[in-house]
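Colleague: Hi, could you walk me through a model that's new to me? I'd like to start with the backbone.

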Amino acid sequence: MPKTMWVLIEIEDGKAARSSLEVLGKAAQLGRAEAIVLGSAAAEVASTLGEYGAEKVYVHADATYDNYLTLPAVDTISMLLKQHQPALLMLATTYDLRDIAARLNVRNNMGLITDATDLTFDGDTLQVTVPWGGENVVTATLPQQGTGIVLTRPKAFGVEQFSGRTAEIETLNPSLDAESQKIKILDRVELPSEGPALEDASVIVSGGRGLGKAENFHLVEELAAALGGAAGATRAIVDAGWLPYSYQVGQTGKTVKPTLYVACGISGAIQHLAGMKGSKYIVAINKDEHAPIFSVADFGVVGDALTILPRLTQEVKRRKAH
Amino acid sequence: MKIHVCVKQIPDPNTVVSKLDPNTKRLVRSGVSLVLDPGDESTISAAIKLRDTIGNSEVVAVSMGPTSAQEAMRRALAMGVDRAILVTDPALAGSDALGTARVLAAILQNEAPDLVFCSTESTDGYTGMVPGGIAEFLNLPQLTFAREINVEGAKAIIKRVTLTGYQTVECPLPTVVTIASGSFEAIYPTMKGIMGAKKKPFTQLTLADLGIDPSQVGEAGARERVAAIGKAEARAAGQVIKDDGNSAQAIADFLQRYQLL
């Protein structure tokens, strides 16, 4: 009998988030995929999910989920888990879904694996692939009894088309607990960013501790601008307060897969490598020839990023002008 | 106001290449340099800043870990934390997010804080699943990915990082708050802070003190199992050159060869 996988679909601008559709496609490859959609646009979104792999969609169209974070969704999914026993609940690693998963895990004593890049069933045993550091891949399992949670790494899977498939829609009608309407969104602010967003950029130039100080980061930004790309940063320099969190490669939702990734003064900590190793071409500049970043670089230069970057920016501009 | 900060000692992410022990399938922690998670230093600093703004408040560091974690707690105290609580027990080895949240929540239950601060995720495991788990055990709301925190009366209001900007989110106290890394500049311990740390209250507890059954934590309580550790598919080794003053040209040549310019 095929296993049933649930996928919680995140709504973005009235549509299913791409990251959720990627997970839905993977679920449909594993067995029977069922989606859960919660929010004021849930009904419209639900009707589109068949062609992305869903055979059934649980829908609760209610704005409470848009206005109050985490708890209403945890209540509704917990209620569904009392009625059904899917093998897995799968979620994309995003800000909101991560918060929901953390609470579901405890409330329903589920067991949870994060950062998965692949899932398979070996008979009844789930095998989840989790990259670990630069060198290892861990195969993790969850108990066969009960429903487990797997959070998958962004961009681990492509969006799959299941043309002609229509999903059965089950409309939910839970009474939402007023006690759970506590985490209230007061307003949403979009911050304009220059150049392409990190996660969409085809070229990313990133800086790390090897730049010495925050004032030198402009060298990274200038090369990024010359290459028509985005500037990124390591957790170390974000932690040190040089740059805001939004620059960090490897943070929640910020796995990047550009065509070109230029790592400047970055040694290659595990979390950073995990966030950028899928790049097509990697160029690294670092003073320490033993830095782990060189193990993933297609082209590496052992040298000081501070002296090489301005020359490289100039050279890129010169060649682009010809 | 009581602000409790959950912290963790980890292998120094700036010097240690983390390894998995093929036998225990756990992170190798012996023979490596251990530090207070740098993300937690930022989180502690956020708590101290808030304490000093509100006044008449205390910051308490809370952790579970082996005896070596005392060092990390002393650093937290030296940074300006008022007191520290560490749970150490052999049965805790191999705990998953559920087990870790269970233990930290048990400490916090007894302490009845107004605010519980955590980093959004640790720098070694980075699952980010413990703070929400703690909130669920304590039946408290959670404000996550905060880059700014304000307390107004009986409410906490944060600016919450999103992919494209931020949200302003509020909830009633008490609550769990997670701090986005890099949002608060870390305080460096002063000599006075380091000396003063030795006199601050430091409570060490075992599982029995918390009334937790050892079968609910550690490897015994963990739902997840590591079945195998394999080698990652290695990228083909690239070319590495030493900078001789012409490496900018060499990089540009590489970019042009693969039509990246």
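Colleague: Where is B:N139 found?
Modeller: B:N139 sits in the loop between helix 4 and strand 7 of chain B; helices (H or I, at least four residues) and strands (E, at least two) are DSSP runs, numbered from the N terminus. This is a predicted model, where local features need pLDDT of at least 70, side-chain atom pairs count only at pLDDT 80 or more, and totals for chains, interfaces and linings use all residues. Residues are numbered from 1 along each chain as its sequence is written, chains are lettered from A and ligands numbered from 1 in the order in which they are written, and side-chain values use heavy atoms, leaving out hydrogens and water.

Colleague: And what is phi of B:N139 near?
Modeller: Phi of B:N139 is near 55°, a positive value in a residue other than glycine. Most residues other than glycine have a negative phi.

Colleague: Is B:N139 buried or exposed?
Modeller: B:N139 counts as exposed, at 62% relative accessibility. Buried means under 20% relative accessible area, exposed over 50%, and partly exposed in between (1.4 Å probe, protein chains only).

Colleague: What about A:T70, which phi does A:T70 have?
Modeller: A:T70 has a positive phi of about 65°, although A:T70 is not a glycine. A:T70 lies in the loop between helix 3 (64-67) and helix 4 (71-83) of chain A, and counts as buried because its relative accessibility is 7%.

Colleague: New topic: which peptide bond is cis?
Modeller: The one from B:L173 to B:P174 is cis, with omega near -5°. B:P174 is in the loop between strand 9 (165-172) and strand 10 (175-179) of chain B.
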